[in-house]
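Welcome! Here is a short tour for anyone meeting this structure for the first time. Please take a look at the sequence and the model, then read on.

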Amino acid sequence: MSDADVSGVGSVVSRRPRRRGRVAILAVVALLLTSLPWLWTTIAARDHVYDEADAPTADVVIVLGTAVAADRQRPSDRLAGRLETAAELVTSGRAKVVLVSGDGGGTSGDEPAVMTAYLTGLGVDARRVVADPFGLDTYDSCARAREVYGVQRALIVTQSFHLPRAVTLCRQLGLDVDGVTARCDGCGRLMFVEKSIREYFASGKAAWDTVRGRPPAIHSPASPAVQDALRVVTGQGADR
């Protein structure tokens, strides 16, 4: 082998570690960039997340929708857990009115209709329940609660893996919310792991939506439904 050949081989060998180093640095940078939104939602929500037993009080509790059961008539285990937690908050006097927010035309069924029926089946007075059929995602549910239904202070109920993003989004959109961890009977460990991974990546979209001030997908005129429900519940107004 000539001196030129030896030199060429040595040059190739010496370039390989440098390339690996660059790839490793790029991988670390990419990991940091994808982790920042998740860290943001986690840290921002830290002082505003409670267990059901320790939940503070608010006039309104917002329940975030998710897919209903296969029969399209009952809530899934996750959704049932959220509704059962909200019903307990009402029963214990920590909340007065429930705003159920979900997709009224979802692929699995009418989420708010199923949620309302389940709550009333749990003994919650129907006059205490207000349904938003255009809470198409977490961001929209938060934005519409404030812009359409005039909610300023609320509790928000969902499972632990979803709660930091939900609380952070609502607070960024001007709602004074505290999150309450929902029950999830029948939810296995694998589901929690799967949903936690999903939340890691969904936090990036949450950050982008917040930065650009995305409007809700569906624009609706202001609704007095929540305030009307509160007046009825507190005896300050007649049914109408």
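Helices (H or I, at least four residues) and strands (E, at least two) are DSSP runs, numbered from the N terminus. This is a predicted model, in which local features need pLDDT of at least 70 and side-chain atom pairs count only at pLDDT 80 or more, while totals for chains, interfaces and linings use all residues. Residues are numbered from 1 along each chain as its sequence is written, and side-chain values use heavy atoms, with hydrogens and water left out.

**The whole protein**

- The protein contains seven helices and six strands.
- Read from the N terminus on, the elements follow the order α-β-β-α-β-α-β-α-β-α-β-α-α.
- Of the 240 residues in the protein, 41% are buried, where buried means under 20% relative accessible area, exposed over 50% and partly exposed in between (1.4 Å probe, protein chains only).
- Among contacts (heavy atoms within 4.5 Å) with a separation of 6 or more, 75% join residues 24 or more positions apart.

- The six strands make an open sheet with parallel pairing, in the order S1-S6-S5-S2-S3-S4; two strands pair if DSSP finds at least two bridges between them.
- At the edges stand S1 (49-50) and S4 (129-132), each with a single partner strand, so one side of each has no neighbour in the sheet.
- Strand S2 (residues 60-64) runs parallel to strand S3 (residues 97-101), and five bridges join them; Val60 is opposite Val97 in S3.
- Helix H2 (residues 77-91) packs on the sheet, where it touches S2, S3, strand S5 (153-158) and strand S6 (176-181).
- The direction of H2 makes about 175 degrees with that of S2; axes are lines fitted to C-alpha atoms, for helices over the stretch in contact, and angles run from 0 to 180 degrees between N-to-C directions.
- Helix H3 (residues 111-121) lies across S2, S3 and S4, at about 150 degrees to S3.
- Five of the five residues of S3 are buried, so S3 is largely enclosed by the rest of the structure.
- Both faces of S3 are covered, with Val97, Leu99 and Ser101 on one side and Val98 and Val100 on the other.

**Helix H5 and its partner H6**

- H5 (residues 163-172) packs against H6 (residues 189-212) at an angle of about 5 degrees, and their axes are 10 Å apart.
- The two helices are therefore roughly parallel (angles under 35 degrees count as roughly parallel, over 145 as roughly antiparallel, 65 to 115 as roughly perpendicular and the rest as oblique).
- From H5, Arg165, Leu169 and Gln172 meet Arg198, Glu199, Ala202, Ser203, Ala206 and Thr210 of H6.
- Seven of the ten residues of H5 are buried, so H5 is largely enclosed by the rest of the structure; among them are Leu163, Val167 and Cys170.
- After H5 comes Gly174, with a positive phi near 95 degrees.

- His162 sits in the loop between S5 and H5, and at 6% relative accessibility it counts as buried.
- His162 touches Leu64, Arg82, Thr138 and Glu199, leaving aside residues up to four places away in sequence.
- The C-alpha atoms of His162 and Glu199 are separated by 6.6 Å, although the two residues are 37 residues apart along the chain.
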